[in-house]
Amino acid sequence: MTQQFGDAVNAKVIMMIGANSAVANPIGFKHFLQAKDRNGTKLIVVDPIYTRSAAKADLYLRIRSGTDIAFVYGMLHIIFKNGWEDKEFIETRSYAMDQIRAEAAKWTPELTSDVTGIPVDQIIQATTLFAKNTPSAIAWSLGITQHSVGSSNTRILPILQIALGNMGKKGGGLYIIRGHDNVQGATDMGNLADTLSGYYGLDDNAWKYFATSWGVDYEWLKGRFFEKKWMNEKGYSLAKWYQGVLQEEKTYSSAPIRAVWIQGTGITSMSQQAKIKEALDKVDLVVIAEPFVNEAAVLTSRKDNIYILPVGTQFESEGTVTATNRSAQWRSKVVEPLYESKSDEEVMFAFAKKFGFYDQFVQGMKMDVKDGKVVQVKNDFKWPDDAVREIARTIKSIGLSGWTPERLRSHQENWHMFDPVTLEGKGPMKGQYYGLPWPCWDDKHPGSPILYRRDVPVAEGGMGFRNRFGLEHNGVSQLADKSVTVAGSKIEGGYPQLTKENIEKVLGITLTEAEKAQMGGSWAMDFSGLIQQKAREAGVCVYGNAKARTIVWEFPDPVPLHREPIHSPRWDLVQKFPTYDDQPKNFRVETKFKSEQQKQDWSKEFPIMLVSMRVVNLSGAGMLERTSKYLSAITPEMFANIHPDLALKHGIRDRDMMWIHAPHGTKIKVKAYHNHSVTADRICLPYNFAGVFQGADLSANYPEGTKPYAIGESSNTITNYGFDVITQISEFNAGLCRVEKA
Amino acid sequence: MRKYIYLIIGALCLASAVYANESQIWGEMRIQNILGYGQEESWKLGPLFTMLQSQYFAWIFLGVLLGVPAVFFMHYKIVGPKVFPHSEKKYYAFNLYNRIIHQVAAVSFLVIVPTGFIIVFGDFFGGGTLVRMAKNLHGIFTIPFTIVVIPMALMWLKEALFNLDDVKWFLILGGYLSKEKQIIHASQFNAGQKMWYWVAILGGITMIFSGAFMFFLDFKMEMLHNLTGMSQIDLLRAAAILHNVMGFAVVALFITHVYMSMFAIKGAVHSIITGYVEEEEVKFLHNKWYKKLKDQGKF
Amino acid sequence: MSKEMLKDASLHMGRRSFLKMAAIGASFGAGSAFASSDSIRPATEEEVKNPFPGSKRVKTICSICSAGCGIIAEVQNGVWVRQDVAQDHPISEGSHCCKGIDQIDLVKSTQRIKYPLKKVDGKWQRISWDQAVNEISEKMLKMRAENGPDIVEFLGSAKFSLQQAFYFRKFAAMWGTNNIDHVARI
Amino acid sequence: MSNEMARMKFYCDDHRCIECFACSVACAEAHELPTGISRRKVITLHDGVEGKEVSTSIACMHCTDAPCEQVCPVDCFYIREDGIVLHDKDKCIGCGYCLYACPFGAPQFPRDGAFGHKGAMDKCTMCAGGPLETNSEKERHLYGQNRIAEGKVPMCAAVCSTNALLVGDAESVSNIYRKRVAGRGQRS
């Protein structure tokens, strides 16, 4: 997120779309409620279901799931028509807004209403409220990302904020609310198939850079891979790894997947459970390392070659976590690992030894930067402090250089010295923001609680937009306008990101030979920190000061376009707004789009929309919470919220069991809760249960004494086919089903 | 034979009550309590119950506990007991079955009533173990009464139906205000006894049910919910009010019953112990019955 | 609200009972250390008999959602005895949802996996760590020798600390594959 | 300033309450209650009905004229000087009268003993323990933590995710609430 929660109080309007933080993230929602109470902030909630967040909203819009792009274009249409956009911001700090404007021109309120299901007057009312009361902020979460058009969704909302000039301001921005406690951090650290840590990607430069930081020989690292080619190729993703096993869809890899290693991932929180079960049954080895039984062990009916290793919870190890506002927090170890548990890193160390790369694995912790070079400085290491240092010296791309163990520890010890609204430190902590929200460029930087502010100097957390996509496109400069000068900057207007090559020219300085020798090639790969040092002296941000691009020319849709979900209830609109062409290869596997969508009118047989929801007492796969008696007691069983009219049409009374069938022949048996939060054309269900599969109780698969208090069907057994074209995220939040009394 | 059928019926009743409880009481480790508090449409009997319980119930019970015996004490002193010669002629009026049923009920009452008073005056006894034990006994001794209440109701039902003679009986209050031995026109049971019968049976059943509601707390009766439209909490409140109010009547008549059998009519208690009634007693107090028996040549 | 309320409360200080001050001050959030130390004095020994003598208060972070709420864990003789709220934490100001305040249950739970397990003929068996590590690595190395390193899919965790996550990525890299992911993709 | 003790009260602001169950779970966890005993309950009225849905949290409200105290046949209730209504579990006989009198359904009855019927009543103590020695093992076992004695806020209000649940003397609580209502009006 570009802001931090405390800043909500400065917003005049907050629009939550595809987020139900009252349930998923109550402490975040507290800040929105406080904003209402302290500042009269208005809350707009756009959601397919009337959520607990919606119940606190000043304006609630019931959108059809999967039509967010249409809705935002509807808003932009009204904004452009009335001239409510921030023309100066668009002109000086954004690129290609005219293409957005052209697309928005098509989305009249009437068309928008037809597609989204929101009445015209409500679209106008919400747009007026949101556009005329700036600064206004947008909060989103998985309701936006979990679509076949998820990546376009995540682009259209920032575009709206750019159009209104809401970026880089107090009270504006985007609250992108992450899920798990450290999903931000684990993503930043690149637990991803398409990049190394810090979003460095997988190209040779990145690998060489990491080899240096890790203190290993690049050639050795290269030799670890099947062929060099596979080093630069994206791996299988969490969303479709099972195809690496089953090979039903065409795959491209050096080998089929024969083993799956699950260390802290709730397997039932992924779509296509039936396929996952098949894959788990088929692989040669399943390794699970968890504090509680991972449902992978329960879902599979395999008889052998499956291991469960006891791992302590996060209270039994020490380290840092990154909150959704990019603040790092030091998490102290509360107790030693219980029973025979080991901490996660100990498990990795133990296997690294067996796999024969332990020395290389921990080498990075023994190294430090001396004269711009990473060299070994000691013979042992201290976990986690030395790992924290290793990360700080390596991950410059998002500015983690300032996250030293000493600073983060002192923030924890003195967390009472930070203001809850601004996160500003007081007393000894003066001049720092709590948790040093990244980018924190160096060990003197205070952190950046709000991104892209140009009214504060870079040294105090200011910055322009990142110059990431070249200096010009189609002959148009990508750098910010002359008028867009970040406070305190030596350079007027925009400037490119700093490299060894351009730094002298851009900053107007001359480097000494010694400096040149030490300096890395670019600001993100400069161990010496000299580029940052020079930038600091000039009041300049290392990543440049550019325009925000509203089009992404590498993507299938350079301008975000509305495309109907793979399984859409509106066959007529499927013809008008078809999805992408089938994708031959992404993350090593082919993915169907148009061929699946256009195969037949799915809505004939499966007329009901399927929407996922959150419950406040469970998170993720529910693995942790369902073992708590108090939390399980709140939702002791799996259920689906269904409108009484729809339920009674099928003879399903309140609390009756019902079958929900998905287009691909899978089904789940759940309890029907009559509820008015859904309309009669959709049902919603939580995805946090496991232990029952297509009506069959899997209790017997739990090792003795480990069965949670509550088990139930995983809704992901019936999550429809559909994946994002870029990220391959599953389409959890749009799909079709039919119901039947059980 | 029939009496055994009654016993079986009684036992079945109890068993079904236990079965009904099974699912809710022993089936789970917790008392569900009133979950949807405030969501249930309710009669809002709370304030009424609070007012009655905090200000009246205990005083009324005290009144009954002291007042009724006081009246009888006066009666005993002023009018005196009726003494009938225990002559040679007796009639075997209560067979073993009758007596067992009665004795079971009697013992139950002898525990239930005093323990009930201990609960009502719990603060006097200081609460804690003693009163908690009294509460448990109060509940436990309801079980034997529950078993016999239906057989008892059936075995005396015919005799307990009211008729015109009872009106006359009431007019002279059974002749108990007179020191003279009057001949009272009544059949096997006089109106007073009939009254006690109905209070003990109907009141008793009411007490069993209302008591069960209160004792188990989640004793769910769908039918009652549907019939009355009352929420569980209001059913509980109604049960508590009913239990207390009915308690006044049961207790008052129970004391009367004891007084009559033990003191007012000397030796009357023996008849329910041995089964034999004295001819004199029957002749004076149950003249109609006496005539009938005479006609049948029972004496 | 926090700071205004403290001001409100301190106006009424007088001799209005320690109790009231404590409750109001803390309940409405000690906005900062300075404000809170004015109005909430620590209770003296007569007032408090520490229920967990000798316990230490460990500051840590909730492991559920990304808001990042603070937790005070009271630890006595190596046992987490009580979870307390962190009223002065800048993000949560003592607040938690039901999941957050129940974090202590993660270490108190009886359903934890207590030792390494292996399924043999459909039955779970207790094994030692050594056996587990040996058997797993043997099997994996054999498969690696047969088909190369891309035979495995590493699924990491959003519950990892930053350091664990960094090392897990490194672990996959040094094993020789990019088949690594975690729930950021759901 | 008067020497009179302020009366401690709970207030749940339904504009803030989001039914997150934190108060209820925090209470159960802090006092190690058996499952099913909710000293504090969270309820939502008109669930899912647009514009009508309301959530709130209910527990013992520590009434000034506590009806439970009035109806208790064994007089096991006592009201502290600061208005906290407590009871003596050793005295309580588990009759249930307090539940019938209570407008909030606060009294709870755990199963107890061989008969599975209700044991001594359990209810919110505002984290003030019971009549036993403060912070003694037995007090903790019967009544849960005595946070008030430690100078801490009752668990539920301390933990409330949205600060909906307020605790304090009536005057301060209403001050806060008034301020909130005024804030909400600013832009309307």
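The legends below describe close-up views of a predicted model.

Local features are reported only at pLDDT of at least 70 and side-chain atom pairs count only at pLDDT 80 or more, whereas totals for chains, interfaces and linings use all residues. Residues are numbered from 1 along each chain as its sequence is written, and chains are lettered from A and ligands numbered from 1 in the order in which they are written.

**View 1. Three-stranded open sheet of chain C.** The strands of chain C follow the order E1-E2-E3, with antiparallel pairing. Strands are DSSP runs (E, at least two residues; helices are H or I, at least four), numbered from the N terminus, and two strands pair if DSSP finds at least two bridges between them. Strand E1 (56-61) and strand E3 (79-85) of chain C are the edge strands, each pairing on one side only. On average, neighbouring strands of this sheet are turned by 35 degrees against each other, direction ignored; the axes are lines fitted to C-alpha atoms (for helices over the stretch in contact), with angles running from 0 to 180 degrees between N-to-C directions. Strand E2 (residues 70-76) of chain C is joined to E3(C) by six bridges in the antiparallel sense. Opposite Val75(C) stands Trp80(C) of E3(C).

**View 2. Sheet built from strands of chains A and C.** Seven strands form an open sheet with mixed pairing, in the order E5(C)-E4(C)-E9(A)-E8(A)-E7(A)-E6(C)-E7(C). Strand E5 (123-126) and strand E7 (180-181) of chain C each have a single partner strand, so one side of each is left without a neighbour in the sheet. Strand E4 (residues 117-120) of chain C runs antiparallel to E5(C), and four bridges join the two. Leu117(C) has Arg126(C) in E5(C) as its bridge partner.

**View 3. Partners of strand E27 in chain A.** Strand E27 (residues 736-741) of chain A pairs antiparallel with strand E19 (residues 608-613) of chain A over two bridges. Here Cys737(A) of E27(A) stands opposite Ile608(A). Strand E21 (residues 657-661) of chain A is also antiparallel to E27(A), joined by four bridges. Within E27(A), Arg738(A) is the bridge partner of His661(A).

View 4. Chain A is divided into domain 1 (5-176), domain 2 (183-417) and domain 3 (602-741), with bounds from an automatic or database domain assignment. The C-alpha centres of domain 1 and domain 2 of chain A lie 35 Å apart. Among the four pairs of chains that touch, chains A and C have the most contacts, a contact being two residues whose C-beta atoms, placed from the backbone, lie within 7 Å. Chains A and B do not touch, their nearest C-alpha atoms being 12 Å apart. Chains B and C do not touch either, with nearest C-alpha atoms 18 Å apart.
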